[in-house]
Amino acid sequence: MSDTHLLKFVLNGEEVEVMVAPAETLLDVLRKKLLLTGTKKGCAEGECGACTVLLEGKPVNSCLVLAMKAHGKTVMTIEGLSATGELHPIQEAFLEAGAVQCGFCTPGVILSAKALLDREPAPSDEEIKNELAGHLCRCTGYIQFLEAVKRAAVKLGKFNF
Amino acid sequence: MQKEYSTIGKNVPFVDAREKVTGRAKYLDDLSFPGMLYGKILRSPYPHARIVNVDPGRALSLPGVKAVITAADCPATRFGLEIPDVSILAGDKVRYVGDEVAAVSAVSEEIAEEALSLIKVEYAPLPSVDDLEAALAPGAPLVHDDKPGNIGKAYKIERGDVDADFAGCDYVFEEEFATSRVLPCYLEPFGVIASWENDGWLTIWTGIQAAFHARFELARALNMQPSDISVKVPYIGGGFGGKIWIRNFHPIAALLAKKTGRPVKIVLSREEEFLASRPRVAARIKVKLGLMRDGTLVCKEMKITADNGAYSWAAPKILLNMAMRTDCLYRFRSTRTEAVLVYTNKTPTSGFRGYGNAQSHFALESMVDLCARKLGLDPVEVRLKNAVRRGDTTLHGWKIRSCGLGECIEKVSAAIQLNRLPKEKQGGKIRRGVGVACVTHVSGNRAGNNFDGSCALVRFQEDGKLLVYSGESDMGQGARTVFAQIAAEILGIPLESVKVMPLDTDISPFGYGTYSSRVTTVGGKAVLLAAQQVREQLLTLAGKILNEDPSGLDVKDGQIFVRLDPGRHIPVAEVCRAGIRTREAAALTAYVSYDPPTEGADGNFYGDYSSAYNYGAHAVEVEVDTETGQVRVLRVAAAHDVGYPINPNGVRGQIYGGVTQGVGWALYENLVYKGGVLQNPSLSSYILLTIKDMPEVEPFIVKTNDPVGPYGAKGVGEPALIPTPPAIANALEDALGVRFYDLPITPEKVFLALYARPEEAEK
């Protein structure tokens with residue numbers, strides 16, 4: 001089609017090329033064209049945080065980002081965090097802390113936690129809350145998220161990531 | 001002496017958490033099939049209007065559109081639970097903003113959406129009834145022409161001699177309370193994929209809490225036999241009651257798929273979730289309470305008027321729970337409740353965590369507190385004095401086989417007094433207070449003579465791995481994990497050897513589903529009994545191999561051993577191999593249909609109808625900024641009698657989540673309608689708590705070892721939310737000396753309540 005453009009970007013460490021329409025969101029391209037369904041669509045209006053991915057290492061609501069905005073950039077989705085099959089220490093921490101119930105918000109929350117821990121290896125409760133304030137979770141009551149992120153910080157410190 | 005368990009009572013991570021943290025868990029919208037089309041629904045913009053004409057016209061000629069359906073394409077049957085008042089697509093008139101009028105299927109969501117705008121519907125708007133007053137006014141417009149007075153259902157339930165008891169009380173008080181419309185608001189939008197086989201079989205993929213009910217209700221809607229429909233349940237992204245029952249979009253997808261011969265997917269948008277989802281039934285509840293001077297609660301009368309919305313899916317049963325359950329919290333001598341369900345031109349309501357019981361707890365638990373304060377008594381002491389106890393048979397015939405209500409009250413009231421902040425700060429600008437409220441709820445709920453149990457199929461494979469099948473859904477609460485723990489415990493195998501299979505009505509055994517806080521209690525018991533039968537088969541076969549009496553054998557950590565000579569052992573895997581891959585031809589499989597030993601209620605709603613009754617109490621500390629009316633919940637102590645916690649982390653997860661939803665209901669969440677039109681159909685205007693709004697929550701697990709539930713376990717899912725709103729209202733009276741009767745308690749209400757008093761207003 002004439003009104004599509006070639007989007008080239010680095011997705012989970014690999015170069016990807018895909019034709020996208022100007023109005024297509026990064027979320028739809030990831031889910032429908034690249035079949036990476038780990039990124040969830042909770043509201044498509046930038047309110048729930050379930051579609052969070054890392055664009056150039058920073059968390060964004062992929063439902064509000066036009067796909068072409070990722071051109072020439074790096075994107076990480078939840079699938080990229082444990083590409084080898086081994087759980088990433090943040091994933092382990094969420095699992096151990098009981099921070100996962102229905103799991104629908106989980107991929108987005110984990111990616112925001114990664115962005116935070118990349119920037120601040122030993123975050124305070126306040127910093128964790130600020131980072132995760134854009135994520136709605138209807139199951140857990142959030143309390144387990146705090147423990148999970150702190151647990152992950154310890155793990156990452158120990159393994160010297 | 002309590003047996004030392006290997007997995008029961010342990011904080012094992014949820015067995016499906018690995019799938020979820022990696023993003024591999026597949027929810028409905030993550031599935032797609034070759035040739036699949038996307039369905040979209042055209043919804044009414046009017047709260048009440050006659051449909052003059054629907055013209056699919058140009059929609060059909062839009063490239064990519066494969067089908068358009070209207071009421072004319074639907075079976076004429078009406079469906080629904082108690083009152084069949086639902087049509088698949090509206091024919092004669094629309095009854096709420098969001099009512100389904102037509103539907104399209106197309107090769108993409110965008111084209112389907114565009115096609116909707118090309119369908120021409122001619123409406124003749126009718127006067128609408130937007131609230132209870134309007135709907136009950138003489139001569140009010142009728143939502144359904146065959147429902148005079150807009151009354152959907154009415155109950156009058158009376159036990160003992162209420163009038164005589166009121167006459168004999170030292171004090172009688174009466175107040176009216178009101179609860180608001182709130183939405184389950186699960187994170188995963190509800191959806192469906194429908195696909196037909198050539199032989200007329202229909203397959204439905206949907207993340208639903210009650211798959212076998214869904215199959216039955218779909219069959220009713222489509223004029224089919226249940227067994228010609230297969231319901232397959234992928235991962236569910238939260239439900240909280242909102243995904244128990246089918247919605248119109250389920251049969252709509254089936255009809256679109258039939259018309260096109262291709263699979264059709266419909267996933268609701270977040271806006272549709274607000275417009276056409278199923279909020280909690282809002283109610284006005286008048287409570288009259290009779291007490292003695294010493295705080296003895298004698299009798300109670302409630303008058304309930306509940307807003308059903310436009311169609312009455314589960315609301316009649318919800319009204320019944322609202323009318324009855326709080327009668328069983330305290331040792332009342334008599335009670336009487338009159339309850340009516342009223343049709344309005346608003347979104348139809350249904351179940352949300354508590355299923356009616358939460359609304360009447362807000363009223364009663366506010367009222368008990370208020371009365372105790374009027375009498376100068378300690379509300380905590382009044383509750384303890386009147387609390388039901390083990391061995392009681394309540395006014396409605398509930399037999400209380402285990403009860404930790406008193407312990408829950410004591411635990412939280414002590415905890416909230418520890419480290420309390422001063423009652424005032426900044427010269428009285430900030431005020432603080434504490435409050436307590438309780439809950440009783442059920443673990444399963446037998447309707448009449450219906451089955452109220454669960455079935456389980458437990459099956460060893462040749463390598464010693466175990467498959468567990470249940471008809472109960474896991475919507476995120478941890479049912480898979482609880483079932484796996486129970487099976488692993490009974491069979492002495494590692495948790496990793498157990499796989500709990502996805503729910504599929506063609507394969508899974510019959511089950512009613514995930515509601516009534518019943519899954520651990522009845523679903524878990526079925527798994528336990530089936531695992532015990534498989535264990536007998538396993539040990540019998542092992543006895544044959546080892547030449548030992550099976551009664552002298554035991555199994556632990558995947559090894560079967562001779563109890564008196566533990567050196568003699570054989571791996572479970574080896575016995576399974578010998579049983580399945582040799583001429584032994586052992587089944588190593590058991591199917592159990594378990595029904596709990598309860599009576600069910602009679603025609604007058606009397607009878608012991610739940611496997612176990614669960615209890616809890618919450619205590620909260622609140623802080624109010626008297627200049628802005630802003631309320632902050634600082635701390636919540638939440639104790640729940642869960643019988644025995646199969647997975648304590650799972651129980652705490654339910655408590656944290658329940659408290660959060662309770663705080664939201666009390667302070668922030670509210671569906672606001674104006675002229676029948678929802679004013680806040682998005683997550684930016686319907687306010688959920690974020691991580692920054694969370695109070696400190698201290699959970700207490702109270703063990704009462706229920707004699708019926710598996711390992712003594714009872715339910716906790718719903719009760720975890722119920723006491724929070726009244727506890728907050730009670731804490732506010734403690735802080736401000738002002739009683740709030742209506743939810744949500746917004747800053748405006750607090751501010752006005754404070755400054756409506758002339759001496760305050762002058763400051």
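Modeller: A handy rule before we start: two residues are in contact if their C-beta atoms, placed from the backbone, lie within 7 Å. This is a predicted model, where local features need pLDDT of at least 70 and side-chain atom pairs count only at pLDDT 80 or more, while totals for chains, interfaces and linings use all residues. Residues are numbered from 1 along each chain as its sequence is written, and chains are lettered from A and ligands numbered from 1 in the order in which they are written.

Colleague: How many of the 161 residues of chain A count as buried, as a percentage?

Modeller: Picture the C-alpha atoms of chain A in a box of roughly 50 × 30 × 25 Å along the principal axes. A residue is buried if 20 or more other C-beta atoms lie within 10 Å of its own, exposed if 12 or fewer, and partly exposed in between. By that count, the buried part of chain A's 161 residues is 57%.

Colleague: Now chain B. What percentage of contacts between residues at least 6 apart in sequence join residues at least 24 apart in chain B?

Modeller: Chain B contains 18 helices and 30 strands. Its C-alpha atoms fill a box of roughly 90 × 70 × 50 Å, and 60% of its 763 residues are buried. Counting contacts in chain B between residues at least 6 apart, the share that joins residues at least 24 apart is 80%.

Colleague: Which element gives the largest share of the side of chain A that touches chain B?

Modeller: The contact between the chains takes 40 residues from chain A and 43 residues from chain B. On the chain A side, the elements giving two or more residues are helices H2 (78-81), H3 (89-96), H4 (106-119), H5 (125-132) and H6 (143-158). The largest share is four residues, and the element that gives them is H3(A).

Colleague: Which residues in H16(B) meet H9(B)?

Modeller: From H9(B) come B:His361, B:Phe362, B:Glu365, B:Ser366, B:Asp369 and B:Arg373. The residues of this contact divide into four nonpolar, three polar and four charged. Across from H9(B), the residues in H16(B) are B:Pro725, B:Pro726, B:Ala729, B:Asn730 and B:Glu733.

Colleague: Is B:Phe700 buried or exposed?

Modeller: B:Phe700 is found in strand S30 (residues 696-703) of chain B. Because it has 21 C-beta neighbours inside 10 Å, B:Phe700 counts as buried.

Colleague: Which residues does B:Phe700 touch, not counting residues up to four places away in sequence?

Modeller: Let's look at B:Arg78 too: B:Phe700 and B:Arg78 are 622 residues apart in sequence and 46 Å apart in space, C-alpha to C-alpha. With residues up to four places away in sequence left out, B:Phe700 touches B:Lys411, B:Val412, B:Ala637, B:Ala638 and B:Ala639.

Definitions and conventions
Ala, Val, Leu, Ile, Met, Phe, Trp, Tyr, Cys and Pro count as nonpolar, Asp, Glu, Lys and Arg as charged, and the others, Gly among them, as polar.
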